[in-house]
Amino acid sequence: MNVYGYLCLALHAHLPYVRHPEHDSFFEERWLFEAITESYVPILRVLDRLRADAVPARLTLSLSPTLAGMLRDPLLMARYRAHLDRMRRMADREIARTRDDDRFAPTARLYAEMLEEASETAGTEGTDLPAAFADLADAGLLELVTSAATHGYLPLLRAEPTAVRAQVLLGQRCFQATFGRPSAGIWLPECGYYRGLESVLEDAGFRYFFVDSHGIANARPRPRMDLLAPLACPNGVAVFGRDPESSRQVWSRDEGYPGDPWYRDFHRDIGFDLGIEEVRPFLLDGTTRVPTGFKYHRITGQDDDKQPYDRARALERVAAHAEHFVAARRNAVLRLGPGNGPKPILVAPYDAELFGHWWFEGPQFLEAVLRRFDGDGPIATCTPGDYLAMQPTLQRATPSPSSWGEKGFNEFWLNDGNDWIYPHLHAAARRMSELARHFGDSPA
């Protein structure tokens, strides 16, 4: 069967810089450790299985410079290994605690298996997770891209143009230092775009970026193919817009797949359910309860009366949801039929941490979706770089200023609750530029 169109699955992996060697431990480091165990390692293992089975999958992954740096930092990775050891001891205790309870014992064993996989993949000295992703890129499963240096929200930094330029150029420089090659694309933080930003992107060597749906829908002149094809900005840098239906099915609180009552509940955790002595290794400052990651209930409903998690039933829902997702994308392409113009592309971007951390079954969903693309049409997976190689001529237009997040412009990032910080951020940006010029190594 001929390929009539394409699906671009793009994951954006980012965490703020949480390295604090001045403390023996730091609470925010847990964000990194949880993301490694629950999202990054499971995604790596999904891609390894697809490679082993020769599945013709293509996935785009953005690794922010702060995250890539932390994943290669000896101190943080040593602390991660210590965290993983503590988690594995807790898993052993949970297996013993639940051994006579058929409702929870299988889930305790599941966590022990997950932690063993994390230990095998990321729990040894010298582990280099970015190198593991690079190996998958070399094998043809991934297209790796970067983001801005510290994930600063560029539309509200534009008052200090040197800060925007530094964010973009350092993002490229960090990617080059990590992977030994430039990044073809960039994930703009929060998909935040303003007119003229494409000139900075071009100077840094980027060929494409992503925006939210209305960044394309409101472009001028009006796009002939709406969201079904990327645009070329006046300087030739390509811009890909998010497909809203793909997003709704995965992100929507009310209609999205992760809200299914058979999936594991994120909020119910033994850190709050068990006696304080039973969770003492996870207490913050010796007294404050925090989530441990050991969660035994499914979403069930809106109240607090949760039923035990049933992994087999959850995986049945994964298969059904993956089939529904792929069928919807296939039908969207088939409705268009073969045309004379560019083949349509549906762009489905998500935060990588959704898969595994927030949505426990997310990695299994991702694998089930990718396995349904067998290379026999009518829709195939591709990356932005793949598409631009196949379709080098695009309609020229200027995207609309936009972002993702509530209401889709700047209001979520600039409002009465946070506007006080921007004068300080702009002052810090000016000071940064002065220091960079003084020391003679300014990317701005």
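Modeller: A cavity is a set of points where a 1.4 Å probe fits but cannot get out, and a residue lines the cavity if one of its atoms is within 4 Å of a point. Keep in mind that this is a predicted model.

Biologist: How many cavities of 30 Å³ or more does a search of the whole structure find?

Modeller: The search gives two.

Biologist: Which residues line the second largest cavity?

Modeller: Its lining consists of Leu63, Pro65, Ala68, Thr146, Cys174, Phe175, Thr178 and Phe179. Two elements, helix 2 (65–71) and helix 6 (161–179), each give two or more residues to this lining. Helix 6 has the largest share, with four residues. Sorted by class, six of the lining residues are nonpolar, two are polar and none is charged.

Biologist: What is the volume of the largest cavity?

Modeller: The largest cavity holds about 180 Å³ of space. It has 17 lining residues, and those closest to its centre are Thr37, Glu38, Met87, Thr292 and Gly293. Helix 1 (29–52), helix 3 (74–98) and helix 4 (105–122) are the elements that give two or more residues each. Helix 1 gives the most, namely five. The class count for this lining is nine nonpolar, four polar and four charged residues.

Biologist: Now for pockets. How do I read one?

Modeller: A pocket is an open set of points, whereas a probe in a cavity cannot get out. The largest pocket here has a volume of about 1,300 Å³. It is lined by 42 residues, and Phe266, His267, Leu354, Trp358 and Trp359 lie nearest its centre. Helix 1 and helix 9 (244–251) each give two or more residues to the lining, and helix 1 gives the most, with five. The lining divides into 17 nonpolar, twelve polar and 13 charged residues.

Biologist: Next, the strands. Is strand 8 mostly covered or mostly open?

Modeller: First the general idea: side chains in a regular strand alternate between the two faces of the sheet. Strand 8 (residues 345–351) is mostly covered, with six of its seven residues buried.

Biologist: In which sense do strand 1 and strand 8 pair?

Modeller: Strand 1 (residues 5–13) pairs with strand 8 in the parallel sense, over seven bridges. As one example of facing residues, Cys8 is opposite Val347 in strand 8.

Biologist: How should I read a pair of aromatic rings?

Modeller: Such a pair is described by two values, the distance of the ring centres and the angle of the planes. In this structure the count comes to 25 aromatic pairs. Take Phe210 and Phe240: the ring centres are 6.3 Å apart and the planes stand at 45°, so the pair is tilted. Phe210 is in strand 5 (residues 208–211) and Phe240 in strand 7 (residues 238–241), so this pair ties together parts 30 residues apart in sequence. Phe210 and Phe240 are both buried.

Biologist: What is the angle between the planes of Tyr350 and Phe355?

Modeller: The angle is 70°, with 5.7 Å from centre to centre, and the pair is edge-to-face. Tyr350 and Phe355 are both buried. They also belong to a cluster linked by ring pairs, together with Trp251, Tyr257, Tyr263, Phe325, Trp359 and Phe365.

Biologist: Which ring does the charged end of Arg264 sit over?

Modeller: The charged end of Arg264 sits over the ring of Phe360, 4.1 Å from its centre. A further case is Arg313, over the face of Trp262 at 4.0 Å from the ring centre.

Biologist: Last, the backbone. What should I look for?

Modeller: Most peptide bonds are trans, and most residues other than glycine have a negative phi. Look for exceptions. A cis peptide bond, with omega of about 0°, joins Arg220 and Pro221. Pro221 is in the loop between helix 8 (213–217) and strand 6 (231–232).

Biologist: Where does His151 lie?

Modeller: His151 is in the loop between strand 3 (142–147) and helix 6. It is not a glycine, yet its phi is positive, at about 65°. Lys407 is not a glycine either, and it has a positive phi of about 70°. Lys407 is in the loop between strand 10 (395–396) and helix 14 (421–439).

Biologist: Is Lys407 buried or exposed?

Modeller: The cut-offs are under 20% relative accessible area for buried and over 50% for exposed. Lys407 is at 55%, so it counts as exposed. His151, at 13%, counts as buried.

Definitions and conventions. Residues numbered from 1 in each chain as written. Predicted model: local features only at pLDDT ≥ 70, side-chain atom pairs only at ≥ 80, totals over all residues. Heavy atoms only, no water. 1 Å grid on protein atoms, 1.4 Å probe; cavity = no way out; pocket = protein on both sides within 12 Å on 5 of 7 lines; lining within 4 Å. Points joined across faces, edges and corners; volume = space filled by probe spheres on them. Nonpolar A, V, L, I, M, F, W, Y, C, P; charged D, E, K, R; others polar. Buried < 20%, exposed > 50% of the residue type's maximum accessible area, 1.4 Å probe, protein only. Pairing = 2+ DSSP bridges. Phe/Tyr/Trp six-rings, centres within 6.5 Å; stacked < 30°, edge-to-face > 60°. Lys NZ or Arg CZ within 6 Å of the ring centre and 35° of its normal.
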